[in-house]
Amino acid sequence: MEKSTSAAKASPHPGEPLLEISNLRVSVPDAPNVKPIIDGISLHINAGEVVALVGESGSGKSMTALSLMQLLPTGLTTTAGTIKFDGEDILTMSQRQLNHLRGGRIAMLFQQPQAMLDPTSRVGTQVAEPIRVHRHVDRTTARARVLELLGEVGIPDPGARVDCFSYELSGGMAQRVMIAAALSANPDLLIADEPTTALDVTVQAQILKLLDDERRKRKLAVLLITHDLSIVSALADRVAVMYAGRIVEEGPTQQILKSPQHPYTKALIQCSLLKADSEGNLFSIPGGAAQARDLEKGCRFLPRCGTAAAGNLHEQCTHLEPALDSYNDCCKARCWAVKPNRAHSDVHEERRP
Ligand SMILES: Nc1ncnc2c1ncn2[C@@H]1O[C@H](COP(=O)(O)OP(=O)(O)OP(=O)(O)O)[C@@H](O)[C@H]1O
Ligand code: SF4
Ligand SMILES: [Mg+2]
């Protein structure tokens, strides 16, 4: 199946720009004193690339994803920035353009497949919907494609399962159905928000392998949201680390996981490596995950950062927020302790007093 329904414009080839988020801000307009929950993030994904977004709970990963679909919950709105998808700004698209995009060129997978599937509609009907809406094929063609897709995602005996209801499926099977539905219109970008967190470990591994196989076969770009750094290591080409509504470090996955520079990334990696100390206590980053709204000025990670005191940076970190500067010609970090590569730094970015 062709990637794009548009006769005028084909989908970008692998490696070409697909998604470019620039200085995106998401705010709570009814609470002007509350700081933006997403505060000026920039991120790009090329066609065929897998980019992971990681960070503690509340850092803004899901709200970033929902902004891309313009599906933010009531009470939140995008107040600045651009989200260019294949050259066009999602934030200025008409409802008709958004409908074409959602489920057509951008598909989304969520943590709770059972909650996302309609219990009153048969599995086959739900997988067929994006095909019928976005590919404009008749019922017979759509049904044949649904059976093919259910087989591809590992549903045993698709002919028997196609007329099931979602409550008759296990969690793993329901997530396979969600994957079939997400892939059915042959999108360019898949947003997967904690797609395996709700599943048991064996099923997690099977679903991750399926996602990896399908995205390679389809040359699909993926924005992968996860807490699990082993998943990032296995699947992602690049990783962006979010803290309190900001991206604090970004770069090629192996570079960031092997040689993180930002104290927060180092702590996240330490948490994932050190399961427990000799007394069985789980390692966690000291202090609570700061939310963007709590912070007045300076570096948002300061209350939890040991590097600032050790490096004599406390004064600077207290009063001035660092920009996301390039380092080592490959990565970016938002930290005064990381030596920037000035030739490539984001010198235009505003530094907060
Ligand atoms: N409707 C809302 N109104 C105001 N603030 C909200 C609303 N929904 C979410 N938030 C806030 O937005 C911030 C980011 O939430 P988000 O769900 O993106 O976090 P997350 O990184 O996905 O966390 P998790 O890992 O737990 O899924 C949080 O501080 C949250 O409290
Ligand atoms: S800028 Fe300062 S407080 Fe922030 S992470 Fe770096 S050293 Fe720590
Ligand atoms: Mg989330």
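Ala, Val, Leu, Ile, Met, Phe, Trp, Tyr, Cys and Pro count as nonpolar, Asp, Glu, Lys and Arg as charged, and the others, Gly among them, as polar. By that scheme, the shell around ligand 2 holds 10 nonpolar residues, 1 polar and no charged.

This is a predicted model, in which local features need pLDDT of at least 70, side-chain atom pairs count only at pLDDT 80 or more, and totals for chains, interfaces and linings use all residues. Residues are numbered from 1 along each chain as its sequence is written, chains are lettered from A and ligands numbered from 1 in written order, and side-chain values use heavy atoms, without hydrogens or water.

**Ligand 2.** Its surroundings are H262, P263, C299, F301, L302, C305, A308, C317, P322, C335 and W336 (each has a heavy atom within 4 Å of the ligand). Ligand 2 takes up the space of the largest cavity (a set of points on a 1 Å grid over the protein atoms alone, where a 1.4 Å probe fits but cannot get out).

**Two open sheets.** Strands are DSSP runs of E, at least two residues long, and helices are runs of H or I, at least four; both are numbered from the N terminus. Two strands pair if DSSP finds at least two bridges between them.

| Sheet order | Pairing | Strands |
|---|---|---|
| β2-β1-β4-β5 | antiparallel | 4 |
| β6-β7-β8-β3-β9-β10-β12-β11 | mixed | 8 |

Strand β4 (residues 77-85) runs antiparallel to β5, joined by 2 bridges. F85 stands opposite E88 in β5.

The twist averages 20 degrees from one strand to the next. Strands β9 (residues 238-243) and β10 (residues 246-252) pair in the antiparallel sense over 6 bridges. Here Y243 stands opposite R246 in β10.

**Helix α1.** What does helix α1 lie across? Helix α1 (residues 61-68) lies across β1 (17-27), β2 and β4, at about 115 degrees to β1. Helix α1 also lies across β3 (50-54), β6, β7 (189-193), β8 (221-225) and β9, at about 150 degrees to β8. Angles run from 0 to 180 degrees between N-to-C directions of axes fitted to C-alpha atoms, for helices over the stretch in contact (heavy atoms within 4.5 Å).

Technical notes: On a 1 Å grid over the protein atoms alone, a cavity is a set of points where a 1.4 Å probe fits but cannot get out, and a pocket is an open set with protein on both sides within 12 Å along at least five of seven lines; lining residues have an atom within 4 Å of a point. A molecule sits in a cavity or pocket if more than half of its atoms lie within 2 Å of its grid points.
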